Amino acid sequence: MLHWQSPLLLSALLVPLVLLLWAARYPVAMRQWTSLLFLWKDQAPSGVPRQWRWHRPPLALWLFASAWLCATLAAAGLETSSGAAQPLLVIADRSPSMNFPLGASTRYQAARQQVVEWSEREGVELVWQESTQPNFHAFDRYDCLWLSDALAEHPERAGLCLSGAKLQPGPLAREGRGRWVLDGNGIRFEPDVYPATSRQIEVRGQLPAAIDSLLSLWCEEQQLIRSERADAPLLEVVFPMSACALDPTQRLNGQAWSARVGVAAALVQAVQEEPLLRVEDQAVLLVSRGSLRSSLCQLELDEGASAAFALEWAAAFERALREPEECVGLDERRASGAAVFRPPNLVGPRERRSWVGECALAAALLALAACGVALRRG
Amino acid sequence: MSVPSFDLPCAGVKLDSAMLRRARALASARAARQGREAGVSRGGSQAGYEFERYQPYYPGADPRAIDWDLAARDDEHWQLRVRRPEDGARWQIFLDDSASMGLGPPGKLQAAAECALALAWLARARGARAELWSVHSTPLVFESAASASALLLWLEALRAHGTLADTAVHSVLAHGRRAQRVFLLSDFSAPDPLAWLASRARGARWNCLRLLAPSELEAPQHGLQRFVDPESGEERRVELNPQQAQAYAERQRNFSTRWQAQCARARVHAHTLSSAASLEQRFECALGA
C-alpha cells in the first residue's frame, strides 16, 4: 500500500509527461558537427517534423523524465506498508455535552460526519464504540480514533476528532423544584421550574422497613414524589417483590454500620451498573444512572448504627438519581477547546517503509546520466 | 560577415612527456630506417640523407645504392648514388587550426598536432630545420632539442577556431616556397583545397594528410539530425535512415578518392585518415609512405 507525505506534489509529474509528448510530436534534432556539409547538400531537407507524425523521444529526455519522476516521488514522500488495511476503532464520547447544538446538527453528529467522510475517502472501515464516559487512554493505538468535543490530553498514536466546545449556556442541575442555570453573566437559580410530574421516582417491590422509611425521608428532603408507577422517573428503585425471613448467617457490613439481612435471588449485574454493597461476595445493591436495584428482602440494623446507615444509603440514592435531560454539568458547558481533526496512521511507524532516500538517489543518478548523454550527443 | 563561435567538442591540444617520447622514438626509428636504405653509415649513427653525388661502384657496395638508370645506359661503369645528410634543409609543417579541426572525438587538431610533433623531430633527426605554421599563430622554427619545450608550448597553444580563408593559406604557404618539404595537416574543408597546390614551388615535395573525425566518416544510422558546419554555422536538417547513412559513406569515400587522384596528378602525396588512427599510421601517411 502506498502512502504520501505531500500528495499534492505529485502534480509535478505532469511536467515530464508534457515534455515527452512534446518531444514525440516535435523531435529534437541531434546536432552533428561536420566539415563535409556539402555532402548533405543534395539530400532532401527534413520537413517532416511539421507533419503529424510521432517520434521516439531521445534517450536523454527519457532519462530526464525518469529523474524528474524519481525526484517527484521523493518530494511527495513515498512510503509503503505491507498488509491489508485494518478497520479503525472509533472511541466516541456520548456524554451529554455531545448533544449540544453545533451549526445545524450536534457536536456528536458534526464530528461523526467528519470521520465518516474521511473514512469513505480513504476506504477505511469504521468500528464504533460509544460511551458516556469513554476511557480514551486505554485506546491510544494506531488503529483507534478518539471522538469527542474537547479533550485536555491528546493521543500520541490514535487519531483525534474534536468537534470543538464553545460555552453552552443552559440548565446545570435540579434542586428541589427549581434549577441552577448558566447564562451569559453567570450562574443563577430558577425556582419552581419542575412540577410534581417531573420530580417523580418509581419504587417497586417490598422494601425493608428501615430502607423504606429512609427513602421517604430522602424524597421529602429532595422534594421528589414517590410513586409506584411514573413516566420518565428520575430514579427507579427496585427491590424483591416479596418479603423473606432473616438469615442469621448473612450479615451486611457498611462503612460504619452492620445489619442482619435476608437476600432474595442473586442480582445479575448490567454493564453500566456499579455494585455498592455485597454479602459474601454477592452484590446486593447495584446503582446506575437513574436506577437502584437491591436483592435485600429483610434488613435489621444492629444497635447504634442508624446514622451511618442513613448517610450511606442516602449517598447511594443520590448517586443513582439522574438529572432532568436538559441539565448538564458546568464542566461540560464550559468552553474548552477548538475543533481538531487528525487522521490516524493506520499502520504504525515500524511497519512503514520510506522510499525518499532511494528515490532521491535514483533521481540524481538518472539526472547525471541524462547530462552525460546530452553532452555526448552535443 | 561575422563568424559564428561554437563550443567545439575537441578544440584544444594536450600533449605530455609520454607523447613527446613516443614522437621522438617514432622519428628516430624512421630516420634510422631511411639511413639504412640509403646504404651509407656515419660512424654508426643514422640520420636523414639526400642525394649529393655519384661515385664509381666498388665490390661489396650496397646494391640499393646503384643508380640503375645509369647502369642501363652504361653497364660497364656502374655508379653509386652518394647521399648526404639534409643539413640546412627546410621543412614546412602547416597545421590547420580552423574551427572544423575542433571536431571529434578524437579531436582532429589533436591528431594533427601529435603528427606535427613527430614530423618536427624527424626533421631534426635529419638535420633539417622545421618551420611550423598555422593561420592563427605566429610560426615557430624548431632546430634543436633545446627548443623542444617551445615546440610543445606552441602546439598546446593551438585552438581550433575561426575560418580558413584561402588567402591566409596562400600567404602561409608562400613563406615556404624555399622549403624542400611541405606537410599539410588539415581536413581540407576549405572551399577549394586544391587551389592551395598552386602555391607549390618547383622541386618541393608536398605531403597532404587529410584528417577526418570518425563521425564525419560514418553518418549516424537514423533519426532527425542537424548537421552543422562549425566554420560557417550553416546547417542542414536531415531525417536519416540506414540507407541514407550508407549512401553518405559512399559519397564520402568517392570524394576522398577523387581528391587523392587530383593531388596525385599534381604530384602531391595525399592520404585521408580518421583522427582515431594511431600516431604511427598518421606519421607514415604524412610522410607519403
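Trainee: What is the relative accessible area of Leu21(A)?
Mentor: Start with the scale: buried means under 20% relative accessible area, exposed means over 50%, and partly exposed is in between (1.4 Å probe, protein chains only). Leu21(A) counts as partly exposed, because its relative accessible area is 48%.

Trainee: Before we go on, what kind of model is this?
Mentor: Residues are numbered from 1 along each chain as its sequence is written, chains are lettered from A and ligands numbered from 1 in the order in which they are written, and side-chain values use heavy atoms, with hydrogens and water left out. Local features need pLDDT of at least 70, side-chain atom pairs count only at pLDDT 80 or more, and totals for chains, interfaces and linings use all residues, since the model is predicted.

Trainee: Back to Leu21(A): which helix holds it?
Mentor: Helices (H or I, at least four residues) and strands (E, at least two) are DSSP runs, numbered from the N terminus. Leu21(A) falls in residues 14-25 of chain A, and that's helix 1.

Trainee: How much accessible area does the nonpolar patch with Leu21(A) have?
Mentor: Patches take residues with over 30% relative accessible area and no salt bridge, joining like charges within 9 Å and nonpolar side chains (Val, Leu, Ile, Met, Phe, Trp, Tyr) within 5 Å. The areas come from the Shrake-Rupley method with a 1.4 Å probe, and for residues only the protein chains shown count as cover. Here Leu14(A), Leu17(A), Val18(A) and Leu21(A) form the patch, and together they have about 390 Å².

Trainee: How far apart are the end C-alpha atoms of helix 5 of chain A?
Mentor: The expected span of a helix is 1.5 Å times one less than its number of residues. Helix 5 of chain A (residues 306-320) has 15 residues, so it should span 21 Å, and the distance in the model agrees: 21 Å.

Trainee: What do the buried residues of helix 5 of chain A pack against?
Mentor: The buried set is Phe309(A), Glu312(A), Trp313(A), Ala314(A), Ala316(A), Phe317(A) and Ala320(A). In chain A they pack against helix 4 (209-222), strand 15, strand 18 (274-279), strand 19, strand 20 and strand 21 (296-301).

Trainee: Strand 20 of chain A is in that list, so to speak; which residue stands opposite Val238(A) in it?
Mentor: Two strands pair if DSSP finds at least two bridges between them. Strand 15 (residues 235-238) and strand 20 (residues 291-294) of chain A run parallel, joined by three bridges. Opposite Val238(A) you'll find Arg293(A).

Trainee: Which turn residue between strand 19 and strand 20 of chain A has a positive phi?
Mentor: Strand 19 (residues 282-288) and strand 20 of chain A run antiparallel over four bridges, with Val287(A) opposite Leu292(A). They form a hairpin with two residues between them, and the one with a phi of about 90 degrees is Gly290(A).

Trainee: And what is the phi of Glu280(A), in the turn between strand 18 and strand 19 of chain A?
Mentor: Those strands pair in the antiparallel sense over five bridges, and Glu274(A) stands opposite Val287(A). They form a hairpin with two residues between them, where Glu280(A) has a positive phi of about 50 degrees.

Trainee: How many residues apart in sequence are the parts tied together by Arg260(A) and Glu300(A)?
Mentor: A salt bridge is a side-chain nitrogen of Lys or Arg within 4 Å of a carboxyl oxygen of Asp or Glu. Arg260(A) and Glu300(A) form one, with the closest N and O atoms 2.3 Å apart. Arg260(A) lies in strand 17 (residues 258-263) and Glu300(A) in strand 21 of chain A, so the separation is 40 residues.

Trainee: Where does Arg94(A), the partner of Glu130(A), lie?
Mentor: The closest N and O atoms of the Glu130(A) and Arg94(A) salt bridge are 3.5 Å apart. Glu130(A) lies in strand 7 (residues 126-131) of chain A, so the pair ties together parts 36 residues apart in sequence, with Arg94(A) in the loop between strand 4 (88-93) and strand 5 (101-102) of chain A.

Trainee: Which residues are linked with Arg188(A) in a network of salt bridges?
Mentor: Glu190(A) is one of them, its closest N and O atoms with Arg188(A) being 2.8 Å apart. The network links Arg188(A) with Arg179(A), Asp183(A), Glu190(A) and Glu326(A).

Notes. Contact means heavy atoms within 4.5 Å.
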